[in-house]
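Colleague: I would like to learn how to read a model like this one. Could we go through it feature by feature?

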Amino acid sequence: MSAILHDGTAMLGRHLQRVRHAPAILVMTQTMPIVFLLFFGYVFGSALAMPGSDYRAFLVPGMLVATAANGVMTGMFTAAQDTHRGVMDRLRTLPMSRAAVPLGQALADLVTTAAGLVPLVLVGLAMGWRIEGGPVAAAGAFGLLLLFRYATAWVGILLGLVSQSEEAAGQLGSATFMLPLLSNAYIPTDGLPSWLRLVAEWNPISAVATAVRDLFGNAPVPADAAWPVAHPVAGAILWSLALLAVCVPLAVRRYARGPR
C-alpha cells in the first residue's frame, strides 16, 4: 500500500506538471462550464415556467454536477493520448506499482477539478444562487461532487485505455455530452414522458444533482421519483462507489496488460 501511495504521488506530480505546461487545456475545460451556466441561466431561465432566479438556483447545482460528470471525457482523452503516444509503454517499464499511473491521473484530475469549481461557484453566486443549507450540509454537497468526479475520472481512464486512440476518445467524449441532457441537471424530470423520465432518473447524474440541491437547500427531493432520486444522497454515494468498484480494477488490469 505504501508503494502505491508513493508511486501514485509521483504520478500525481507528473500530471500536475503536465497541466502547468499546457494551461490552455485547463483554461478551456474550466471556462466552458461558466459559459454554459451563463447561457442556460439567462437564455433558458427566461423561457421556462419558473422565474429566472428560481431556475438559476435549480441550475447552478446541476451545472456543478455536469462539470463533475465531465471527468469521463477528460480522463478518457488523457489516458488515450498517453497510450497513443507511447507514454504508457515507457511508464510500464519503470519499477513502480501498476496502479500508480491511473491513480495519479485520477488524483490530478480531482485536484484540478476542486480548483476549477471555485470560479464556477463564484459566478453562480453572482447570478443570484445561494447556499441555503448549513455549512455541514454544504460541505457534504461539495464532498459528493468530488467523489462523483473521482468516480467518473476512473470511468474515463478505463475507456481511454481501451480505445488507445485520441481520435476515438474524442468521438466518445463528444457522446458523453449527452449524459447531462438525459438527466435532471438542467430541467426537472416531472414534465418528461414516463419512459424518458425513468431513463433520466436512473442516470447517476440525476441522483447526484438531486442530492447536491437538497444539501444546498435549493430544491426539495421529489417524492414520486425513482429510488436513486427519491433517496438522493444514498443514491449518489452508491452510484459513485459502484462505478469505482467496477472501473478501478478494470483500469488497473488494462494498464498492466498493455495494448493487445
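Modeller: Start with burial: a residue counts as buried when its relative accessible area is under 20%. This is a predicted model, and 48% of the 260 residues of the protein chain count as buried.

Colleague: What does the secondary structure of the protein chain come to?

Modeller: There are 13 helices and 0 strands. Along the principal axes, the C-alpha atoms fill a box of roughly 60 × 35 × 35 Å.

Colleague: What share of the contacts with a separation of 6 or more comes from residues 24 or more positions apart?

Modeller: A contact needs heavy atoms within 4.5 Å. Here the share is 80%.

Colleague: And the surface: how much of the accessible surface belongs to carbon and sulfur atoms?

Modeller: Those atoms hold 71% of about 12100 Å². As for charge, the chain has 16 positive and 12 negative side chains, with the centres of the two sets 12 Å apart.

Colleague: Which residues does the UniProt annotation "transmembrane region" cover?

Modeller: The unreviewed UniProt entry gives residues 21–45, 57–80, 101–129, 141–162, 169–187 and 229–252. Such annotations may be inferred rather than shown by experiment. They can be set beside the model. Residues 141–162 are 100% helix and 0% strand, with end C-alpha atoms 32 Å apart. Residues 169–187 are 63% helix and 0% strand, and their end C-alpha atoms lie 28 Å apart.

Colleague: Take single residues now. Is serine 240 buried or exposed?

Modeller: Serine 240 has a relative accessible area of 1%, so it is buried. Serine 240 sits in helix 13, which spans residues 232–257. Beyond its neighbours within four places in sequence, serine 240 is in contact with Leu147, Phe148 and Ala151.

Colleague: Where is alanine 79 placed, and what does it touch?

Modeller: Alanine 79 belongs to helix 4, residues 71–84. With a relative accessible area of 0%, alanine 79 is buried. Not counting residues up to four places away in sequence, alanine 79 touches Met88, Gln105, Ile157, Gly160 and Leu161.

Terms used
Residues numbered from 1 in each chain as written. Predicted model: local features only at pLDDT ≥ 70, side-chain atom pairs only at ≥ 80, totals over all residues. Heavy atoms only, no water. Helix = DSSP H or I, 4+ residues; strand = E, 2+ residues; numbered from the N terminus. Buried < 20%, exposed > 50% of the residue type's maximum accessible area, 1.4 Å probe, protein only. Areas by Shrake-Rupley, 256 points an atom, 1.4 Å probe, with all protein chains shown as cover. Lys, Arg positive; Asp, Glu negative; His and termini not counted. Charge placed at Lys NZ, Arg CZ, Asp CG, Glu CD.
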